[in-house]
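Here are a few exercises to work through with the model open beside you. Take each task first, then compare your steps with the solution.

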Amino acid sequence: MPTAADASALTADGTAAYKQQVNAAAAALPDLDASPTVAIMRDVELDDVLQAGTVEHTIPYANLPHYPASDGTLTIGTLGGTQVVELDQAFHLYDGHTPREVSFPVRMLATAGIDSLLLAAPAGSVTAQADRGDLMLLTDHINFQGQNPLVGPNVEEWGPRFPDMTAPYDAALRRRASDAAQREGISLRKGIYMGLLGPHHETTAEHRMARRLGVDAVGTGVVPEVLAARHMGVDVMALALLTDQHLTEGQGAPSSEGPSLQTSRSQLHRLLVATVAANEQAGSR
């Protein structure tokens, strides 16, 4: 008896199987027929953004075919005039997930019809100008993870073989986040993110390399999701909560000491809500 193609295999058959799995998961979602539709993926412990809006559907991951996790939920609702899809979990390469598994939620949501993706992730500061507890709007990134979800046969229906990544983070979304932060009285830094594999704190030499490359923050997420989203034509914005401060050479290990991050998490939640509202206002003009 023939066996099903391995969707993780970087072959034509494996890629076709992976696409079928993505399509099946997307088909299990209610129709995303509103415009704009924004997806929010949180890798930071926050209150649900849709607490500020209306929840219409709550779908356990276990009900989504081929989804890489069964523990967690996907929530669909509206905030102002914007349809929102909210996911309370991200996947990490360091847990043993493949790049295709890490990017599966983005592929599913893009297939279902989202317009924009907002990411919220933890990171460590490698610049003296940014402290633990600061919020940072990502302006660019460097992929040092050694992996890429675009490797393997390309799915032309999803995007080109070599997608343009000169501007991975949408300028209009970044302006809306900056304006929202100003209106809310929230301090928002801007910076370049370096995606690393983990799971460990970086060496002193790695910190020094990051600073010399012009990096402001390092983390173990974000990059695979951004690559998949941009490949499929989805606009992206990413916010980092700086959960530790990587000290300069000779000052010891990265510091995660200091005041509670609860205020920073609250500010990040407010900023996501305000950015979605600003996105809706822009779409109505």
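**Exercise 1.** Is Lys-19 buried or exposed?

*Solution.* Remember that this is a predicted model.
- Step 1: the relative accessible area of Lys-19 is 18%.
- Step 2: buried means under 20%, so Lys-19 is buried.

**Exercise 2.** Find the salt-bridge partner of Lys-19 and work out which parts of the chain the pair ties together.

*Solution.* 
- Step 1: the partner is Glu-157, with the closest N and O atoms 3.1 Å apart.
- Step 2: Lys-19 belongs to helix 1 (residues 12-27), while Glu-157 sits in the loop between strand 6 (135-143) and helix 3 (171-184), so the bridge ties together parts that are 138 residues apart in sequence.
- Step 3: Glu-157 has 63% relative accessibility and counts as exposed, whereas Lys-19 is buried.

**Exercise 3.** How many salt bridges does the structure hold, and which residues are linked in a network?

*Solution.* 
- Step 1: the count for the structure is 6 salt bridges.
- Step 2: the network links Arg-42, Asp-48 and Glu-86.
- Step 3: look at one pair within it. Asp-48 and Arg-42 bring their closest N and O atoms to 2.8 Å.
- Step 4: compare accessibility. Arg-42 is buried at 7%, and Asp-48 is partly exposed at 33%.

**Exercise 4.** Which helices does the salt bridge between Arg-270 and Glu-184 tie together?

*Solution.* 
- Step 1: in this salt bridge the closest N and O atoms are 3.3 Å apart.
- Step 2: Arg-270 lies in helix 6 (residues 262-283) and Glu-184 in helix 3, so parts 86 residues apart in sequence are tied together.
- Step 3: Arg-270 is partly exposed, at 31% relative accessible area, and Glu-184 is partly exposed too, at 34%.

**Exercise 5.** Describe the largest pocket by its volume and its lining.

*Solution.* 
- Step 1: the volume is about 400 Å³.
- Step 2: the lining has 28 residues, and the closest to the pocket centre are Pro-122, Ala-123, Val-218, Gly-219 and Thr-220.
- Step 3: two or more lining residues come from each of strand 1 (37-42), strand 5 (116-125), strand 8 (217-219) and strand 9 (235-245). Strand 5 gives the largest share, 6 residues.
- Step 4: sort the lining by class, which gives 12 nonpolar, 11 polar and 5 charged residues.

**Exercise 6.** How many cavities of 30 Å³ or more does a search of the whole structure find? Describe the lining of each.

*Solution.* 
- Step 1: the search finds 2.
- Step 2: the largest cavity has a volume of about 90 Å³. Of its 14 lining residues, Arg-107, Pro-149, Leu-150, Pro-153 and Trp-158 lie nearest its centre.
- Step 3: helix 1 and helix 2 (99-112) each supply at least two residues of that lining, which divides into 7 nonpolar, 4 polar and 3 charged residues.
- Step 4: the second largest cavity holds about 30 Å³ of space. Its lining includes Leu-119, Leu-138, Tyr-193 and Val-222, and strand 5 and strand 9 each give two or more residues.
- Step 5: strand 5 provides the largest share of this second lining, 5 residues. By class, the lining has 11 nonpolar, no polar and no charged residues.

Conventions: Residues are numbered from 1 along each chain as its sequence is written. This is a predicted model: local features need pLDDT of at least 70, side-chain atom pairs count only at pLDDT 80 or more; totals for chains, interfaces and linings use all residues. Side-chain values use heavy atoms; hydrogens and water are left out. On a 1 Å grid over the protein atoms alone, a cavity is a set of points where a 1.4 Å probe fits but cannot get out, and a pocket is an open set with protein on both sides within 12 Å along at least five of seven lines; lining residues have an atom within 4 Å of a point. Grid points are joined across faces, edges and corners, and a volume is the space filled by probe spheres set on the points. Helices (H or I, at least four residues) and strands (E, at least two) are DSSP runs, numbered from the N terminus. Ala, Val, Leu, Ile, Met, Phe, Trp, Tyr, Cys and Pro count as nonpolar, Asp, Glu, Lys and Arg as charged, and the others, Gly among them, as polar. A salt bridge is a side-chain nitrogen of Lys or Arg within 4 Å of a carboxyl oxygen of Asp or Glu. Buried means under 20% relative accessible area, exposed over 50%, partly exposed in between (1.4 Å probe, protein chains only).
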